[in-house]
Every structure is written in structure tokens, then in C-alpha cells.
Amino acid sequence: MKLSGLLAVLLLLGTDRRSSGMSHSKPACRYPPSQWCRSLEIAIACNVEKQCMEVNATRPNQAVPPVSVILYYESLCPACRAFITQQLFPTWTMLQDIMTVTLVPYGNAKEIPSPNSPFTCQHGEPECRGNMIEACIIHLTGHSAFQIIYCMESAADVLDAAPPCLQLYAPSVSWSSVDSCLKGGLGRQLMHANAVMTRALHPAHTHVPWVIFNGEYTEENEDQAMSSLFHFVCQLYKGVKPPVCSGAPVRLNRSFC
């Protein structure tokens, strides 16, 4: 996936080519623009293989490691939703070539010895379900997971938005597969793994969103991330900065659960 501006260009180019009759021998493009350069097959199907090759040529030096961002969060925490939709996803959209994002939905939940409901969550049972839905989506969709979760977290109702968001960004993954994950043992296994990861944090988390940069948490990093994540990721990257990093930082308010 590439920068949103480039995706807009690809969208226009792809539309022009299809309208001119050049795509009659190609398979129908059934993918959103964000996935057009995900693979050669998709690029060919959407008639943008040349543009994807040109975009790939502008990628940063792969020898320089990207900035690693791990977010520990809860699906219904207002502060987490704001951070994902207002900071993390927009930053990743613009800087995904120099950063990686790992999402760990669990947060302030508790794992309890119960065969029927082994987790309790800060914002009630709906949040436990939302956490598990997002854990299953991350497991099942991989590359498209962040877009789906952003779609959910930016909706008025996170849980109701899950099926249409999945259909929009991962049309090849059926909701029945997510439902099977929720109702079977896989969902609980994924949540247990997230619980283990969260309990292993050092220092232990005291709130969410809790963000780890390059394997480390510090209050200073948190302060900078919460006020201007985009600028902070640009600052942390050790390679040649992409052109979008040249702008002045825009600082936002911070909040936690």
C-alpha cells in the first residue's frame, strides 16, 4: 500500500484506462485503491501495474529499519478510538513505508478462570466482543487489518461496523470465518495471547492507549506521540526522511482510559 495522494493518482489513472477501453481483456478490478499495489496480480487486474512499479521505485532504503509502533488498546475506549482515528491511522497512511504498526486489542481487560466468559473488560461485555472481533480480523486478514479496524473505530457503532468494514477492505474474507473465530477456540486463544503480551509489558501499562516505539516505552516518547505522532515517527526514522516529513508538527490534545 502507498501514500494516499499516490493512491488518488492511481485511482484516476485506472479510471481513465478503463474508460478508454484498454481494460476489456483484463479481469475486473474488485479491490479498493489501497490494495492495488499489494501484488502483481491485483495491479494487473486493476490496470495499474506500470504505476505501481513507479511508486515502488520511490520507496525508502530498505536497509534502514522502519519505526516499530505497537499499540495496546481497547476497542471501545474513547481515548483509544481517538488515537487510532486521529493520529495512528493517518500517520500510517502517510508514512507506512517507514513505519510498522502492531495492534494488540486487550488493554485494561482481565483474564479470569471461567469456561463461558474468560475475560472482563473496562467498558463491559461489548468491549470484550469488540476486542475479540478485532483480534480475529488481525489474524485472518493480515495486510488489510489496520484499514478494517480504522473503519470500525471511526464508525458510530464499532461492533455493527465490523461486517461492512470487512467486506470493504478484505472482500475475500467472509464474515462467517470471523464468526467461527469468535465462537470457536481460536478467538479465546488470540485474546489469551494478547493478555500475555499485555501482562509482560515493562514497565507495566497504567492506561490505554499504551504505545511502544522500537520496543521501548518512555513517558517522553508518549508525550511526543500523543501531541504529534506524525512528527515523532519522522523524527525517529534513521534513514532519509520522506518529503512529507518536512512540514511543521500539528499538536493534538491527549486523553487516556
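A disulfide is a pair of cysteine sulfur atoms within 2.5 Å. The structure described here is a predicted model, in which local features need pLDDT of at least 70, side-chain atom pairs count only at pLDDT 80 or more, and totals for chains, interfaces and linings use all residues. Residues are numbered from 1 along each chain as its sequence is written, and side-chain values use heavy atoms, with hydrogens and water left out.

The model contains six of them. In one, Cys29 is joined to Cys46, with an S to S distance of 1.9 Å. The link of Cys29 and Cys46 is right-handed, with 75° about the S-S bond. Cys29 sits in the loop between helix H1 (4-19) and helix H2 (40-45), while Cys46 sits in the loop between H2 and helix H3 (49-56), so the pair ties together parts that are 17 residues apart in sequence. Helices (H or I, at least four residues) and strands (E, at least two) are DSSP runs, numbered from the N terminus. The two partners can also be described by their accessibility, where buried means under 20% relative accessible area, exposed over 50%, and partly exposed in between (1.4 Å probe, protein chains only). Cys29 is partly exposed, at a relative accessible area of 25%, whereas Cys46 is buried, at 0%.

Another disulfide is formed by Cys136 and Cys181, whose sulfur atoms are 2.0 Å apart. This link of Cys136 and Cys181 is left-handed, with -80° about the S-S bond. Cys136 belongs to helix H5 (residues 125-141) and Cys181 to helix H8 (residues 175-183), so the pair ties together parts that are 45 residues apart in sequence. Both Cys136 and Cys181 are buried.

Cys151 and Cys165 form a disulfide too, with their sulfur atoms 2.0 Å apart. The torsion about the S-S bond of Cys151 and Cys165 is about -75°, so this disulfide is left-handed. The pair links distant parts of the chain, with Cys151 in helix H6 (residues 145-153) and Cys165 in helix H7 (residues 158-169), 14 residues apart. Cys151 and Cys165 are both buried. Cys80, by contrast, is in no disulfide, and the nearest cysteine sulfur, that of Cys77, is 3.1 Å away. Cys80 counts as buried, at 1% relative accessibility.

Attention now turns to the nonpolar interior. A nonpolar core is a set of buried Ala, Val, Leu, Ile, Met, Phe, Trp, Tyr and Cys residues joined through side-chain atoms within 4.5 Å. The largest such core has 32 residues, and those with the most contacts inside it are Val67, Leu71, Leu88, Met99 and Phe213. Two or more residues of this core come from each of strand E1 (67-73), helix H4 (78-95), strand E2 (99-105), H6, strand E5 (210-213) and helix H10 (219-236). H4 gives the largest share of this core, eight residues. Contact means heavy atoms within 4.5 Å. With neighbours within four places in sequence left aside, the residues in contact with Leu88 include Val69, Leu71, Met99, Phe146 and Leu229. A second, separate core of 28 residues includes Ala145, Cys151, Val158 and Leu190.

Two strands pair if DSSP finds at least two bridges between them. E1 and E5 pair in the antiparallel sense over four bridges, and Tyr72 has Trp210 as its bridge partner in E5.

His205 lies in the loop between helix H9 (185-199) and E5, and at 19% relative accessibility His205 counts as buried. A polar contact is a pair of N or O atoms within 3.5 Å; within protein, one must be able to donate a hydrogen and the other to accept it, and residues adjacent in sequence count only if both atoms are side-chain atoms. The side chain of His205 makes a polar contact with the side chain of Asn108 at 2.8 Å. A polar atom of the His205 side chain also lies 3.3 Å from the backbone oxygen of Gly107.

Finally, Gln35 is found in the loop between H1 and H2, and is buried, with a relative accessible area of 2%. Gln35 and Tyr169 are 134 residues apart in sequence and 8.4 Å apart in space, C-alpha to C-alpha.
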